[in-house]
Amino acid sequence: MKLFVTGGAGFIGSNFTRMVLNGQLSGLEGVEVTVFDALTYSGTLSNLESVAGSEQFRFVEGDIRDREAVNAALARHDAVVHFAAESHVDRSVKDSRIFVDTNVVGTQTLLDAALALNIPRFVHVSTDEVYGSIDEGSWDEAEPLLPNSPYAASKAASDLLVRSYFVTHGLNASITRCSNNYGTHHFPEKVIPLFITNLLDDLPVPLYGDGKNIRDWLHVDDHCRGIALVLQQGGAGDVYNIGGGTELSNTALTHLLLEAAGKDESFISHVADRKGHDRRYSVDIAKISRELGYSPQVDFTAGLNDVVQWYRENRAWWEPLKEHSSL
Ligand code: NAD
């Protein structure tokens with residue numbers, strides 16, 4: 001089996017690629033992986049260094065919006081796992097153009113290529129942010145999409161395009177909608193790696209608004225296990241929520257990070273809230289649990305401590321990225 005992994009040089013895509021090539025995803029042992037990635041500011045080949053020598057691995061630098069490049073690289077693959085995206089909400093608040101270009105037009109380009117080349121399987125990695133914000137309870141997959149940020153709106157558009165290629169053209173596509181991920185190789189502009197790296201540098205951490213926004217944190221390895229299940233057993237045209245991690249307010253998360261880094265509350269810097277900041281996300285994972293046997297495995301406290309330790313030990317990975325990140 002040959003997988004075509006878009007965005008495989010980014011946070012989740014590189015974790016997925018390493019897990020496949022290290023034989024850590026059940027049923028995908030021995031599978032070949034082509035990573036197709038434009039190496040934007042958030043993608044780096046250093047994320048793939050540990051597997052670069054594998055005979056099962058190939059890297060193609062290319063843009064999912066580039067029809068010719070996608071067609072040339074995608075031929076003769078058995079499945080697409082589509083991670084490539086502009087992924088940072090704050091950037092989409094500042095300028096949403098590239099989000100529409102990459103997330104919508106890029107996905108449409110990839111869908112056309114998959115159709116033209118008769119690629120047997122397509123998994124689109126979407127997000128729970130397409131549902132909007134929920135004060136109580138949890139969303140199931142039948143919930144209408146009500147995205148609030150330009151990032152989430154562009155992801156919702158691509159998510160619905162994938163659905164339309166299943167309904168209209170019969171493309172064998174499934175969609176995953178996952179909650180917030182944490183893990184190693186996470187670009188240091190997102191809240192967890194930003195806070196950890198600031199604290200390791202004795203810098204304050206900027207906490208948005210009243211700090212009461214709630215997120216469901218899932219270890220990236222659990223997300224990748226969910227994607228592997230959907231890839232192998234997911235139904236055509238089906239959507240699967242992935243989550244089941246730990247719901248935490250941003251204030252509670254900040255306190256855990258302060259503790260893990262050995263710092264006190266004086267490092268918290270309260271800043272104005274993000275515009276349109278969603279209050280709470282929460283996905284119901286009954287469908288993927290019941291139908292595909294998914295359950296998260298990584299304990300949050302242990303997982304978070306491991307991640308803090310990884311950032312302590314891997315300054316050479318994050319320092320250059322943070323220096324050149326221009327948000
Ligand atoms: P990331 O920003 O770390 O990685 C994105 C990758 O896509 C980078 O390697 C980048 O170079 C590549 N890319 C961007 N534009 C491209 C283009 N035009 N052509 C080819 N490659 C391009 O993002 P991430 O956090 O790893 O997210 C991956 C996917 O998972 C995204 O689709 C995101 O919406 C989704 N998701 C993320 C989370 C999360 O918590 N991070 C949760 C749910 C879903």
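Leaving aside neighbours within four places in sequence, Thr254 is in contact with Phe195, Val205, Leu207 and Ile268, contact meaning heavy atoms within 4.5 Å. The model is a predicted one, in which local features need pLDDT of at least 70 and side-chain atom pairs count only at pLDDT 80 or more, while totals for chains, interfaces and linings use all residues. Residues are numbered from 1 along each chain as its sequence is written, and side-chain values use heavy atoms, with hydrogens and water left out. Thr254 lies in helix α8 (residues 250-261); helices are DSSP runs of H or I with at least four residues, numbered from the N terminus. With a relative accessible area of 1%, Thr254 is buried (buried means under 20% relative accessible area and exposed over 50%, with partly exposed in between, for a 1.4 Å probe and protein chains only). The C-alpha atoms of Thr254 and Pro296, which are 42 residues apart along the chain, are separated by 23 Å.

Asn198 is placed in helix α6 (residues 191-200) and counts as buried because its relative accessibility is 8%. A polar atom of the Asn198 side chain lies 2.9 Å from the backbone oxygen of Pro204.

Helix α6 also packs with helix α10. The axes of these two helices come within 10 Å and cross at roughly 55°, where axes are lines fitted to C-alpha atoms, for helices over the stretch in contact, and angles run from 0 to 180 degrees between N-to-C directions. Helix α6 is therefore oblique to α10; angles under 35 degrees count as roughly parallel, over 145 as roughly antiparallel, 65 to 115 as roughly perpendicular and the rest as oblique. The contact is made by Ile192, Pro193, Ile196, Thr197 and Leu200 of α6, together with Leu304, Val307, Val308, Tyr311 and Arg312 of α10.

In helix α11 (residues 315-324), the residues Trp317, Trp318 and Leu321 are buried. These residues are on the same side of α11, because they cover an arc of only 70° around the axis, the arc being that of the directions from the helix axis to the C-beta atoms. Ala316, Glu323 and His324 are exposed on the other side of α11. The buried residues of α11 pack against α6 and α10 (300-313).

Trp318, in helix α11, has a relative accessibility of 1% and so counts as buried. Apart from neighbours within four places in sequence, Trp318 is in contact with Pro188, Thr197, Leu200, Asp201 and Tyr311. The backbone oxygen of Tyr311 lies 2.8 Å from a polar atom of the Trp318 side chain. A separation of 24 Å is found between the C-alpha atoms of Trp318 and Asp216, 102 residues apart along the chain.

A further helix pair is formed by α4 (residues 97-116) and α5 (residues 150-169), which pack at an angle of about 15° with their axes 8 Å apart. Helix α4 is therefore roughly parallel to α5. Residues making the contact include Phe99, Val104, Leu111 and Leu115 of α4 and Tyr151, Ala157, Leu161 and Tyr165 of α5.

Technical notes: A polar contact is a pair of N or O atoms within 3.5 Å; within protein, one must be able to donate a hydrogen and the other to accept it, and residues adjacent in sequence count only if both atoms are side-chain atoms.
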